[in-house]
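Biologist: I'm new to this one. Could you take me through the aromatic rings, slowly and in plain words?

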Amino acid sequence: MPRIHEVRQLPYAAEQMFDLVADVREYPSFLPWVTAVRVRSDDGVVLTADMLVGFKALKERFTSRVTRDRPRSIRVHYVDGPLSDLDNRWDFRPLGPDRCEIEFCVEFAFKSRIFESLAGRYIDRAFRKMVAAFEARAAELYGSGAKAA
């Protein structure tokens, strides 16, 4: 199963980054390819949502269950969609009042091995672009972080 793993140190509090990642409803406003989100349920800890992801004429719906442990971690478990499996986790570690380390890991498997081998060439770049979009959103919401660098 393909796996993407990123660790970044950022000039933002762990709580700020947790809140940004946990705000699934806002994803269409800043994440590339996310065109819509519909929250099915949210009890404050576990959220179930449908996410419409699209590029040009290709659109797919994913349903995921998101478990939030503020401010330490977010776990995303795949429920339904075009893949056979998708799990990811975000871990947030404070490095001081205005710095944190974020660890992002995603593992996924396509239903089709042929599609998996074709998409494998691009998926790493796509996930890295997604992580960069979260960083850009943090700068937009919380400032550039230059004071903490």
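Modeller: Let's start with F104, which is buried at a relative accessible area of 2%; buried means under 20% on that scale, exposed over 50% and partly exposed in between, with a 1.4 Å probe and protein chains only. Bear in mind that this is a predicted model, where local features need pLDDT of at least 70, side-chain atom pairs count only at pLDDT 80 or more, and totals for chains, interfaces and linings use all residues. Residues are numbered from 1 along each chain as its sequence is written, and side-chain values use heavy atoms, leaving out hydrogens and water.

A search of the whole structure turns up 11 aromatic pairs. Rings of Phe, Tyr and Trp (its six-membered ring) pair if their centres lie within 6.5 Å; planes under 30 degrees apart are stacked, over 60 edge-to-face, and the rest tilted. W90 and F104 have ring centres 4.5 Å apart and planes at 50°, so they make a tilted pair. This pair links distant parts of the chain, 14 residues apart: W90 sits in strand β6 (residues 83-96) and F104 in strand β7 (residues 99-110). Helices (H or I, at least four residues) and strands (E, at least two) are DSSP runs numbered from the N terminus.

W90 is buried too, at 5% relative accessible area. W90 also pairs edge-to-face with F134, at 4.9 Å centre to centre and 70° between the planes.
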